[in-house]
Amino acid sequence: MRICVLTTSYPRDADDVAGVFVADTVAALRAGGHEVEVVSPATFRHFGIAYGDGIVQNLRRRPLLILAVPLFVFNFARAARRAARGADVVHAHWLPSVIPALATGRPLVVQVWGTDLALARRARPIARMLLRRARIVIAASTFLAEAAREFGAREVAVVPTGVSIPEAVGDPVDPPHVLFVGRLSSEKGIEDFLAATEGLPRVVVGDGPLRHLVPESVGFVPPRELGPYFERAAVVCVPSRREGYGMVAREALAYGRPLVTTGVDGLADLVGHGTATFIPGDVVGLRSVIADLLANPDSRSERGSAGRTYAIEHLSRSAEVERLVAAYRRAL
């Protein structure tokens with residue numbers, strides 16, 4: 001199958017993390033024998049609107065850039081038309097990519113993510129119009145699928161974004177510790193995590209506006225270099241207060257590590273698969289769950305094994321490609 005992928009975020013080189021999960025999906029599709037052409041701001045002139053802190057933040061910081069938006073859209077649409085010639089289907093990631101996708105005249109599949117749907121609430125009529133132009137809307141989680149339906153999507157397919165699943169996983173280091181990976185911000189629950197794990201062995205990986213609260217953090221680590229952190233950890237905690245999908249949570253399951261999470265939004269799909277949950281903001285409950293797991297290797301092994309089995313069956317790259325191609329065929 002020939003697929004044209006349109007995205008507002010895509011890695012410009014091997015060290016770039018912008019849209020890396022889109023690039024991983026593209027690589028999996030190509031490995032599955034499909035032809036994929038990618039159009040992103042890395043392939044056309046974007047006037048500084050893309051990359052950096054993202055389109056929305058760039059426009060807020062430099063309001064005059066709004067004058068270049070029509071040129072940005074024009075360049076995007078022109079590149080999309082060229083790339084989509086002969087394509088069976090166009091797969092547009094994020095709602096802004098739908099506008100240039102419409103210029104291709106090809107069968108359209110739209111993938112929504114939490115960030116674009118959150119912004120879409122401020123412009124519901126436009127979001128509804130764009131989503132209804134798609135033959136199928138793809139969502140990585142049940143939460144995102146339900147949100148897409150609220151905006152008028154006619155047909156929605158839940159396709160979990162795949163993660164790399166190691167062939168084998170070693171034992172965690174001793175003494176056991178709990179791991180947090182992610183943006184150091186309130187919505188990711190870092191403050192709850194710090195309060196709940198005070199005095200407990202822990203490792204924090206990440207950066208963000210609350211970095212000053214976490215001097216021990218090792219800072220930002222590229223996604224492809226996170227494997228050893230998961231493998232050394234005994235427990236992984238994802239205390240997010242909102243989360244469209246939750247890649248870190250799914251990577252923890254792939255490494256066979258018991259997951260402690262709030263189970264909100266896109267994390268709800270993982271509840272019951274080797275996970276332990278707590279109510280967002282319940283620091284006492286979170287500490288109790290983490291402490292019990294750190295002290296009980298049998299419980300960790302049981303939960304970790306259940307999570308890894310779920311990841312192998314439902315979160316592999318091959319499973320993602322199979323579901324994606326099925327959605328493409330339905331769109332045709």
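In which helix do Glu-320 and Arg-317 both lie, and how many residues apart? Both lie in helix α13 (residues 317-331), three residues apart, about one turn of the helix. Helices here are DSSP runs of H or I with at least four residues, and strands are runs of E with at least two, numbered from the N terminus.

This is a predicted model, where local features need pLDDT of at least 70, side-chain atom pairs count only at pLDDT 80 or more, and totals for chains, interfaces and linings use all residues. Residues are numbered from 1 along each chain as its sequence is written, and side-chain values use heavy atoms, with hydrogens and water left out.

Glu-320 and Arg-317 form a salt bridge, with their closest N and O atoms 3.8 Å apart. A salt bridge means a side-chain nitrogen of Lys or Arg within 4 Å of a carboxyl oxygen of Asp or Glu. The count by this rule is twelve. Glu-320 is buried, at 3% relative accessible area. Buried means under 20%, exposed over 50%, and partly exposed in between (1.4 Å probe, protein chains only).

Now follow the network. Asp-24, Arg-224, Arg-317 and Glu-320 are linked by salt bridges. Asp-24 meets Arg-224 at 2.8 Å, N to O. Asp-24 sits in helix α1 (residues 20-31) and Arg-224 in the loop between β8 (202-205) and α9 (227-232), so the pair ties together parts 200 residues apart in sequence. Arg-224 counts as exposed, at 56% relative accessibility.

Another salt bridge joins Lys-188 to Glu-243, with the closest N and O atoms 2.8 Å apart. Glu-243 counts as buried, at 13% relative accessibility.
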